[in-house]
Amino acid sequence: MPGVTVELTVDSPDEMRELGRRLAGLLRAGDLVMLTGELGAGKTTLTRGLGEGLGVRGAVTSPTFVIARVHPSLGDGPPLVHVDAYRLGGGLDEMEDLDLDVSLADSVIVVEWGEGKVEELTEDRLHLLIHRAVGDTADEVRHVTLTGVGDRWATADLGALSA
Ligand SMILES: Nc1ncnc2c1ncn2[C@@H]1O[C@H](COP(=O)(O)OP(=O)(O)O)[C@@H](O)[C@H]1O
Ligand SMILES: [Mg+2]
């Protein structure tokens with residue numbers, strides 16, 4: 001499946017947060033966003049901006065002691081479900097066992113460390129790979145590769161994110 005791919009350079013934590021805010025503008029209920037990148041890459045920082053952009057309640061933090069946290073909308077938008085799949089061994093079945101109190105189809109779902117575990121949730125998904133390039137002199141520089149998979153993302157304007 002040909003994915004839509006966009007590559008961005010993000011120079012600081014604030015810029016990463018801003019990217020999250022802009023990305024929120026493209027998201028709607030039922031969307032799945034998968035974040036990949038080493039510890040400290042900026043996955044949670046980006047999700048924080050996403051939460052701000054979506055206008056949800058509660059601070060987005062690393063869900064270290066819980067697998068998933070639900071942030072309800074302060075308005076009439078979708079809730080944000082923030083999942084740390086690191087300890088989610090069994091994948092989808094465990095996700096469904098979490099008793100989240102919200103329907104995933106009605107939520108924006110952001111999953112850290114979800115590869116190989118949550119793809120079955122939906123045929124359409126947006127992958128964000130965040131990495132530091134070897135040789136980057138500034139240690140705040142991150143490279144973000146966004147890949148949209150499925151019809152949902154075939155026509156989405158991911159290029160607008162680099163604005
Ligand atoms: N460009 C950047 N984008 C995001 N975080 C950055 C950036 N540069 C430095 N940082 C720092 O890296 C850390 C990222 O942490 P976090 O977002 O929790 O990562 P992850 O969830 O991927 O483990 C934070 O301390 C943040 O201040
Ligand atoms: Mg994190």
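What follows is a chat about the magnesium site and the salt bridges of a predicted model.

Trainee: Before we start, what should I know about the model and its numbering?
Mentor: This is a predicted model, in which local features need pLDDT of at least 70 and side-chain atom pairs count only at pLDDT 80 or more, while totals for chains, interfaces and linings use all residues. Residues are numbered from 1 along each chain as its sequence is written, chains are lettered from A and ligands numbered from 1 in the order in which they are written, and side-chain values use heavy atoms, with hydrogens and water left out.

Trainee: Okay, which protein donors does the magnesium ion have?
Mentor: The magnesium ion, ligand 2, has T44 through OG1 and E112 through OE as its protein donors, at 2.2 to 2.3 Å. Donors here are N, O and S atoms within 2.8 Å of the metal (3.2 Å for Na, K and Ca), and because water is not among the atoms, sites may look incomplete.

Trainee: And where do T44 and E112 lie?
Mentor: T44 lies in helix α2, residues 43-54, and E112 in strand β5, residues 108-112, so the pair ties together parts that are 68 residues apart in sequence. Helices (H or I, at least four residues) and strands (E, at least two) are DSSP runs, numbered from the N terminus.

Trainee: Are T44 and E112 buried or exposed?
Mentor: T44 and E112 are both buried, where buried means under 20% relative accessible area, exposed over 50%, and partly exposed in between (1.4 Å probe, protein chains only).

Trainee: Switching topic, how many salt bridges are there?
Mentor: The count comes to six salt bridges, each being a side-chain nitrogen of Lys or Arg within 4 Å of a carboxyl oxygen of Asp or Glu.

Trainee: Which residue meets E52 at 2.4 Å?
Mentor: That is R17, whose side chain forms a salt bridge with E52 at 2.4 Å, N to O. R17 lies in helix α1, residues 13-24, and E52 in helix α2, so this pair ties together parts 35 residues apart in sequence. E52 is partly exposed at 34% relative accessibility, and R17 is partly exposed at 28%.

Trainee: What about R21?
Mentor: R21 also forms a salt bridge with E52, with the closest N and O atoms 2.8 Å apart, and this pair links helix α1 with helix α2 across 31 residues. A network of salt bridges links R17, E18, R21, R22 and E52.

Trainee: Which residue does R132 pair with?
Mentor: R132 meets E38 in a salt bridge at 3.8 Å, N to O. R132 lies in the loop between β6 (125-131) and β7 (142-149), and E38 in the loop between β2 (32-36) and α2, so the pair ties together parts that are 94 residues apart in sequence.
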